[in-house]
Amino acid sequence: MAGHISLTLWSNPQSCAKLVKLRSIMSLPRKFAARFVGLAIALFARFITAVRADWQGIEPINKQRVYFANHVSNADMPMIWSCMPPNIRRDVRPVAAADYWLKNKLRAFVGPEVFNCVLVDRRPEARDANHDPMQNILDALDDGSSLIISPKGNRNMTNDPLLPFKSGLYNMGKARPDVDLVPTWIANVTEIMPKGEVIPLPLICTVTFGAPIHVAPDESKDDFLKRASAALVGLAPKDVRL
């Protein structure tokens with residue numbers, strides 16, 4: 001009987017439209033909650049860290065970009081996201097690890113629904129053999145979204161300014177050459193959110209946005225990644241570059 005009702009609903013266009021509308025209405029509270037939590041995170045970050053944006057190489061306009069940043073703390077992405085103007089922030093999607101953001105119900109709400117993350121599973125054994133994780137990222141770009149990424153993937157726990165970049169940034173630049181690739185340096189975030197901490201410390205944080213770069217014609221992957229890494233480190237405070 002239940003199967004018959006379900007089949008009748010989906011075979012009746014009017015009933016189908018009503019069901020879709022009902023589901024949309026039921027999801028409104030979650031959308032409202034996600035917006036409220038997102039605003040609260042942005043206000044909290046600004047209150048605790050006085051996070052500010054330094055737009056050195058570009059203007060803060062709503063243009064499609066890939067912001068590639070240093071990654072030393074779980075606070076990296078929220079700090080970049082929070083310091084952006086609201087008209088930019090609503091179209092920016094962080095690229096994040098599915099195995100982290102889907103670990104529990106709270107993260108599964110904050111990651112996909114508050115930050116609207118593009119989720120990529122880092123575990124090869126958890127992925128479909130025929131699915132390329134890069135496709136999720138390219139689909140988001142094709143939808144018109146801007147992205148925040150960490151081109152080296154893992155968090156940097158060394159004394160070096162950056163870990164070697166992985167090939168993802170190069171692949172994005174080759175596949176979507178019209179999209180600006182913007183180096184984005186987050187300063188002081190290690191002290192604000194040390195590893196293992198949940199609540200950020202009240203210290204000042206600056207996010208510096210540099211001049212956009214693109215993959216040059218016939219530029220090799222290694223040459224581009226070295227150039228991108230140099231562009232990012234060039235935004236760091238002088239004591240970090242040493």
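Student: How many residues does the largest nonpolar core have?
Tutor: It has 32 residues. Those with the most contacts inside it are Tyr67, Ile80, Met84, Val207 and Phe209. A nonpolar core is a set of buried Ala, Val, Leu, Ile, Met, Phe, Trp, Tyr and Cys residues joined through side-chain atoms within 4.5 Å. Bear in mind that this is a predicted model: local features need pLDDT of at least 70, side-chain atom pairs count only at pLDDT 80 or more, and totals for chains, interfaces and linings use all residues. Residues are numbered from 1 along each chain as its sequence is written, and side-chain values use heavy atoms, with hydrogens and water left out.

Student: Which element gives the largest share of this core?
Tutor: Helix α3, with 5 residues. Helices are DSSP runs of H or I, at least four residues; strands are E runs of at least two, and both are numbered from the N terminus.

Student: Why is α3 largely enclosed?
Tutor: Because 8 of its 8 residues, 76–83, are buried. Buried means under 20% relative accessible area, exposed over 50%, partly exposed in between (1.4 Å probe, protein chains only). Among them are Met77, Trp81 and Cys83.

Student: Back to Val207. What does valine 207 touch?
Tutor: Leaving out residues up to four places away in sequence, its contacts (heavy atoms within 4.5 Å) include Met79, Ile80 and Cys83.

Student: Now threonine 206. Buried or exposed?
Tutor: Buried, at 16% relative accessibility. Threonine 206 sits in strand β7, residues 206–209.
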